[in-house]
Amino acid sequence: MRAVLVDIDGVLTVSWEPLPGAAEALREIRAAGLPFALVTNTTSRTRASIAGTLADAGFPVSAEDILTAPAVTAAYLAERCPGARCLLLNSGDVVADLEGVRLVGADASEGTVDVVLVGGAGPEFGYEALDRAFGHLRHGARLVAMHRNLFWRTDRGLRLDAGAFLAGLEQAARTEAVVTGKPSAAFFEAALRRLGAGADDAVMVGDDIESDVLAAQRAGLTGVLVRTGKYLPQTHRAASGEPDHVVDSFADVPALLGLRNDEAR
């Protein structure tokens with residue numbers, strides 16, 4: 001392997017608290033000179049904020065090591081919808097990672113919004129906000145979603161995410177969202193370009209069997225599923241495919257990559 005892509009939430013941390021052995025494993029990968037990128041659908045924090053939190057927890061990372069769904073979304077909009085007026089529905093402040101995106105306020109009248117941009121779910125996803133988004137979609141706005149995760153794991157257990165609301169908007173407005181974050185192939189391609197690696201030479205480590213692992217495998221990468229975060233045995237059994245590798249946690253990844261000798265295992 002010449003490059004490693006790593007999900008953050010559920011793989012390295014849960015509710016931003018490090019999982020056992022995760023920081024040490026990432027330091028081993030860094031020490032071995034193996035390029036890596038932390039690829040995340042997190043839409044509640046900017047790259048700089050994520051990097052600061054992880055560094056404080058002992059992870060050897062900077063903002064340059066992190067690729068977020070908002071950052072990829074900004075690049076997509078700049079290429080495909082330059083100058084588009086975008087209504088953002090998201091929990092958390094990620095405006096700094098949406099550089100160049102033209103955001104409009106919630107009071108924008110119907111017919112004046114070009115793109116309804118959906119991020120991660122939270123208290124902001126109330127009836128009024130969703131109905132407002134529905135109205136703009138009915139008047140011709142495009143639907144762009146940073147991801148379609150159904151849930152994620154916190155220190156309080158599993159919590160509902162934007163994918164559940166996104167499905168409702170698609171059905172009600174009779175449209176289909178363009179997804180810019182995982183599991184889109186474009187997201188993995190963007191990460192590989194940053195590392196200068198091809199899919200055949202890269203591995204993706206994640207806790208979401210569909211969006212992280214199987215999506216990466218369809219894009220040509222080697223997939224590694226960890227049994228932490230949102231991993232559930234029943235979800236694994238019902239998945240649309242089988243991961244290339246399954247390990248207990250990210251702490252096991254250096255050994256899987258051959259970065260430890262037999263005595264260290």
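**Entry 1: a leucine and its neighbours**

I started with L38, which touches V6, I8, L12, L26, L54, V61, D65, I66 and L67, leaving out residues up to four places away in sequence. Before going on, I noted that this is a predicted model.

Next I looked up the core. The largest nonpolar core has 28 residues, and L38 is among those with the most contacts inside it, together with L12, L54, F59, V205 and F250. I then checked who supplies it: β1, α1 (22-31), β4, α2, β13 and β14 (222-226) each put in at least two residues. The most comes from α1, which gives five residues. Apart from this core I found another one, of 21 residues, including L87, A108, A162 and V179.

**Entry 2: the six-stranded sheet**

In what order do the six strands of the open sheet lie? I read it as β5-β4-β1-β13-β14-β15, with parallel pairing. At the edges are β5 and β15, each of which pairs on one side only. Neighbouring strands here are turned by 25° against each other on average, if direction is ignored.

I took a closer look at β1, residues 3-6. A3 and L5 point one way from β1, V4 and V6 point the other way, and all are buried.

Then I went through the pairings of β1:

- With β13 (residues 202-206), β1 runs parallel and is joined by four bridges. V4 stands opposite V203 in β13.
- With β4 (residues 36-40), β1 pairs in the parallel sense over three bridges. V6 has L38 as its bridge partner in β4, and L38 is the residue I began with, where V6 was among its contacts.

**Entry 3: the five-stranded sheet**

I found a second open sheet, of five strands in the order β7-β6-β8-β9-β12, again with parallel pairing. Why is one side of β7 and of β12 left without a neighbour? Both stand at the edges, β7 (102-104) and β12 (178-179), and each has a single partner strand, so one side has nothing next to it in the sheet.

Inside this sheet, β6 (residues 85-89) and β8 (residues 115-118) pair in the parallel sense over four bridges. L89 has V118 as its bridge partner in β8. Helix α3 (residues 69-80) turns up here too, packing on the sheet with contacts to β6, β8, β9 (142-145) and β12. The direction of α3 makes about 150° with that of β9. Helix α5 (residues 162-173) lies across β8 and β9, running at about 165° to β9.

**Entry 4: helix α2**

Which residues of α2 (residues 47-56) are buried? I listed R47, I50, A51 and L54. Seen down the axis of α2, they fall within an arc of 95°, so they line one face of the helix.

I then checked what covers the buried residues of α2, and the cover includes β2 (13-14), β4, β5 (66-68), α3 and α6 (185-195). Just after α2, G58 takes a positive phi of about 100°.

**Entry 5: cysteines**

How many disulfides does a search of the whole structure find? It finds zero. I looked at C81 and C86 to see why: the sulfur of C81 has its closest cysteine sulfur in C86, 7.1 Å away, which is too far for a bond. Both residues are tucked in: C81 counts as buried at 10% relative accessibility, and C86 counts as buried at 1%.

**Entry 6: a serine in a loop**

Last, I looked up S249, which lies in the loop between β15 (245-247) and α9 (253-256). Is S249 buried or exposed? S249 is buried, with a relative accessible area of 16%. Leaving out residues up to four places away in sequence, S249 touches V226 and T228.

Conventions: Residues are numbered from 1 along each chain as its sequence is written. This is a predicted model: local features need pLDDT of at least 70, side-chain atom pairs count only at pLDDT 80 or more; totals for chains, interfaces and linings use all residues. Side-chain values use heavy atoms; hydrogens and water are left out. Buried means under 20% relative accessible area, exposed over 50%, partly exposed in between (1.4 Å probe, protein chains only). Two strands pair if DSSP finds at least two bridges between them. Contact means heavy atoms within 4.5 Å. Axes are lines fitted to C-alpha atoms, for helices over the stretch in contact, and angles run from 0 to 180 degrees between N-to-C directions. A disulfide is a pair of cysteine sulfur atoms within 2.5 Å. The arc is that of the directions from the helix axis to the C-beta atoms. A nonpolar core is a set of buried Ala, Val, Leu, Ile, Met, Phe, Trp, Tyr and Cys residues joined through side-chain atoms within 4.5 Å.
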